[in-house]
Structure formats: C-alpha cells, structure tokens
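Me: I have a structure open and want to talk through how it is put together. Can we take it piece by piece?

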Amino acid sequence: MEEQKTLVEQAKEELEKRFSRTLAVAASNLCVHCGLCVDQCHYFVATRDPHISPVAKAEQVRRVVKAEHDWLRRIFPWWTGAKELTEEDLDKWVEAAFRNCSMCQRCVVNCPLGVDTPLVLATARGVLTAVGKAPEILVQLADAAIAREENLEFFKDFYLEQIKELEAELQKKVGDPEARIPVDVEGARFLYVPLSGAHTIMPAAEIFYHAGESWTLSMFEAANYGIFLNDPVRSKRITERIIREAERLKVQEIIITECGHAYAVSRWEAPKWFKDQPWNFRVRSILEVMDEYIQTGRIQVDPARNPFSVTYHDSCNLGRNSGLFDEPRRILAACVEDFREMTPNRERNYCCGGGGGLVAIPEWQDIRLEAGKPKADQIRATGAEAVVASCDNCRHQLGEINEHYGLNVRVMGMAELVANAIVPKNGKK
Amino acid sequence: MSETIKADLELNLQGLMCPLPVVKISQAIKNVPVGGIIEATATDPGVMADIPAWAKSTGNEMLKVEKEGKVIRFWVKRLK
C-alpha cells in the first residue's frame, strides 16, 4: 500500500509541477534585493512593515525554489539563501500570497529588472490550493460557479425569472414596451457576460438598447474565483462555460462586464488554455464597447447629465495588466464635465486593496482596509464627489474604504455613468 | 410559507451584492448546528442562482426561496 504523502511532500510535488523557466529566471534569479519594489507596494506604503514588502513576500517562496533548483546552493547554501520547505512555511505562504498580496503587479512595473513577484506568489497560491490551504471561501465561490453549470436546469428558471423582472424595469426606464434583455439568442453579435445580480446587467442593457445593439445573455456569469486560487482546473472549467456558450450561440464577440479579473482571464488566459480550438469570436471589455459607441456617435451623451466631479480608479487587471487606459478616459471626457485624475494614475496607479480575491475574505478585512489607505488618500486629494471604477471587486473595496476613511464620495461603475449621460434618440428619457 | 420552517439563525443580506451574500452565508452556516437552518433575506437577484449553487457545491441544502416584492427570502439547511 502506498504510503500517505506528507503535506510538505505534496506541496513540493505541486511546486515542481509548476516550476518553469520564467519562475526560475524572471521571478527568482533576477532579483538582486535592491529594495526598489518595497515602497511601490500599497501594503508597505500603508503599514511600513518590511515583512510584507514584495521582496520579503516573494523571498519566502524563492528560497524553497532555490533549494530544489539552484545548483549553487549545494556549494554555498548561505549565499543562495536556499531553505527546505516546512509545514510552518506553508502557513507563512498563506499570509504572504493570499493575505498580503492582491496581485496588483505594481511592484513589477516599478522593478528595474522586471522581477515578477506576483508570479512567485501566484505559484504559492496554486501550491496552497493543491494542498488544501487556500482560503475556504475562494474555493467555495469557484465551486459554486461550476455547480451552476452542472445543475443548469435547476437554476435556469430562477435566472430567467430574474431577467424578466429586469426587462420590465428596462422597459419602464427607456419608455419602450418592446425593449428586451435577450437570453440565449443564436446569431446575436455580442454575448454579454455580466456578474450575478442586476447592477451589471441593467446599465449595460440600457446602453445596448440605445445603441440598437444585437446582443444576448447566456446562463453564466463572468466571475472566476479559480484564477485567484491559481487553480488551472477550476479556472479553465469556469471560463470554458462561456467559451462554449459563445460557440453555441455563434456570436462574433464576447463582451465582458466591468470586472477586472474576468476580463483578464477571458482576454489573456483563455486563448492560451483553449488554443487548440477555433476562436471565431473576439473578447472585449464593455469599456471598449462604450468607448466605440461614443466615438462613432452610435450613442449620444451629454456630460451635463452627470453634474458632479469625478475621478477614475484604474483597476489593476484592466489597466496595468490589460492596457485599458485611454478608453475610460475618452468615455469620461464625453460623459462628465469635471474629471479629475488621481495621482499617480494609469500603470502607476495604486491598487484599491481589494484585488486577488481579497474582497471575498471577511477574516482579512482589517489588513484589506489598512492597505486601502493609499487609495483613500489618492481619492481624497482629488476632491472629487464621485469615484468611478470599471471593476466590481474594486467597487466593493472602494465602497468600504469610502466608509472606513470617511471619504464621502459616490462609488460608481462606468456603465452607470454612461447610462446616466445618454441622450435618447427618441427623446423619451 | 415562512412560518412552516423554523430558523436557527436569521440573516439580513439586503443591499449586499455578489459575492457578499454567499460570503455571509458561508460564514453564518458555521454558527448553526448540523441540521440547523438559516433564514435570510436579500435584494440582489443574483442570490437566486448563487445561493443554490453554493449550497449544492458545499453539501448543504437550499430548502426554499420566496419573493416578496424586491425582497428574496430563502432558507438554507446545514447538512454537514
């Protein structure tokens, strides 16, 4: 009978499976411990605790990687800092990789050598998930998304009932009894993938209505908690639901709602995961679609309909990780009269503190709110009355730091702002 | 009807949006004994798919869902 492997053995096996040239070189050997990443991290800026600086967090994992893969450690173990993995280390990894890093990538942008600290910590997340040490709620949220697919018939009626109610609201709002929130329409141009809940469906439905768009919903939502676990099985499975729906409905594009991680997964990871199947559609964020509508005159907007000062928070996944910097700013230029940039912004923007799945982990609310202080300070310095974010996780976190730090701002989504600004062609609004 | 199910814990999730209703239920289920029931109210229609999916995947049971205008009332039983 095969002997039961210890937790450490399982973890080392998983680390070995995930070992790659990128991890060895770009994320490990290149780091010269210069410390330039330290004050780029919002956790460090907020806490001044060097133990949660990027280099300190990554070093916990790097030492173990070096113990296995750095030949120098056999001769000069003190030089490489190599260390054999222990069970205690795994508990420290939970803190370093899940609690004290939101995977925002700001340290990478500001590293002169481009050391990919989030890659190191994401690897740790994957190892911890494989050995059952990941935060339970992230696992539950990922598994719930999969359960939704496995029990589709059970959920379908609930979902359709919800959509019918939202459709009645839309008809009332736009003053047109023919306005629709289409579901499962084969041959539509767009498959729009929202999150659970009305707040990501209604503003988009209103915008699509005014643009005269051919669109449809399917049964599935965009959120993918598997990616926060760095669990390829769960995250691929969750994304595959959407890819299959796009193929089944023969759409030209998948449009991802205002959700940073869902966009990054669908836009950047999915084409690698499913490279052997034909991609007859492209993937865009609704940010890009709204920008296109405004630039091409497909919808008319009036900035006077948003008569308050607005600042914009660049979601890490949409901005730093996906390059969507100009689109939101063009939209804001068209839809508000008083736009105020926060500083720093674009690729040097601070994470709100809610990324990496942290908004879903109530046990760590204290550090999440503390790490949100640089963002709170940025918002306060603009003096804006509203802060717009195109990511639902960011909006949750911004809502909490708004209350915690007494910012007294309105937290909004971009689609909500655009829907407010629309000048209807039928003059009914 | 709601009076036919006796809840061990009542939870107000009104105003919370995805994923927070699931997060709160996941926390609260630990505060009822096995066989115990949570009665919760929410306003985000996403719970109508999310909570049954969460219950199914965690081995718990969604007993019933009712709608009273904008308020969704549901009962979840802890099975393990």
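**Strands, helices and the contact between chains**

Reply: Starting with one strand pair: β7 (residues 386-389) of chain A pairs with β8(A) in the parallel sense, over 3 bridges. This is a predicted model.

Me: Which residue in β8(A) is the bridge partner of A:V388?

Reply: A:M412 is the bridge partner of A:V388.

Me: What is the strand order in the open sheet with β7 and β8 of chain A?

Reply: The order is β6-β5-β7-β8 (chain A), 4 strands with parallel pairing. β6 (338-339) and β8 (410-412) of chain A are the edge strands, each pairing on one side only.

Me: And the sheet that has β1(A), what order does that one have?

Reply: That open sheet runs β2-β1-β3-β4 (chain A), with 4 strands and parallel pairing. At its edges stand β2 (215-216) and β4 (282-285) of chain A; each has a single partner strand, so one side of each is left without a neighbour in the sheet.

Me: How many bridges join β1 and β2 of chain A?

Reply: Strand β1 (residues 190-193) of chain A pairs with β2(A) over 2 bridges, in the parallel sense. A:F190 is opposite A:W215 in β2(A).

Me: Which strands does helix α13 of chain A lie across?

Reply: Helix α13 (residues 232-249) of chain A lies across β1, β2 and β3 (253-256) of chain A. Its angle to β1(A) is about 155°.

Me: Switching to α12(A). Why is that helix described as largely enclosed?

Reply: Helix α12 (residues 202-211) of chain A has 9 of its 10 residues buried, so it is largely enclosed by the rest of the structure. Among the buried ones are A:E206, A:I207, A:F208 and A:H210.

Me: What do the buried residues of α12(A) pack against?

Reply: They pack against α11 (152-174), β1, β2, α15 (286-295) and α20 (414-421) of chain A. After α12(A) comes A:G212, with a positive phi near 65°.

Me: Core next. How many residues are in the largest nonpolar core, and which have the most contacts inside it?

Reply: The largest nonpolar core has 159 residues, and A:L138, A:I256, A:M290 and A:V418 have the most contacts inside it. In soluble globular proteins, nonpolar side chains tend to be buried together.

Me: What does A:V418 touch, leaving out residues up to four places away in sequence?

Reply: A:V418 touches A:I207, A:M290, A:V301, A:I331 and A:C335. A:I207 is also one of the buried residues of α12(A).

Me: Zooming out, how many helices and strands does chain A have?

Reply: Chain A has 20 helices and 8 strands. Buried residues make up 52% of its 429 residues. Of the contacts in chain A with a separation of 6 or more, 80% are between residues 24 or more positions apart.

Me: Last topic, chain B. How many of its residues are in contact with chain A?

Reply: 19 residues of chain B are in contact with 23 residues of chain A. On the chain B side, α1 (20-28) and α2 (47-58) are the elements that give two or more residues.

Me: Which of them gives the most?

Reply: α2(B) gives the most, with 9 residues. By class, the side of chain B that touches chain A has 11 nonpolar, 5 polar and 3 charged residues.

Definitions and conventions. Residues are numbered from 1 along each chain as its sequence is written. Chains are lettered from A and ligands numbered from 1 in the order in which they are written. This is a predicted model: local features need pLDDT of at least 70, side-chain atom pairs count only at pLDDT 80 or more; totals for chains, interfaces and linings use all residues. Two strands pair if DSSP finds at least two bridges between them. Two residues are in contact if their C-beta atoms, placed from the backbone, lie within 7 Å. Axes are lines fitted to C-alpha atoms, for helices over the stretch in contact, and angles run from 0 to 180 degrees between N-to-C directions. Ala, Val, Leu, Ile, Met, Phe, Trp, Tyr, Cys and Pro count as nonpolar, Asp, Glu, Lys and Arg as charged, and the others, Gly among them, as polar. A residue is buried if 20 or more other C-beta atoms lie within 10 Å of its own, exposed if 12 or fewer, and partly exposed in between; C-beta atoms are placed from the backbone. A nonpolar core is a set of buried Ala, Val, Leu, Ile, Met, Phe, Trp, Tyr and Cys residues joined through C-beta atoms within 7 Å.
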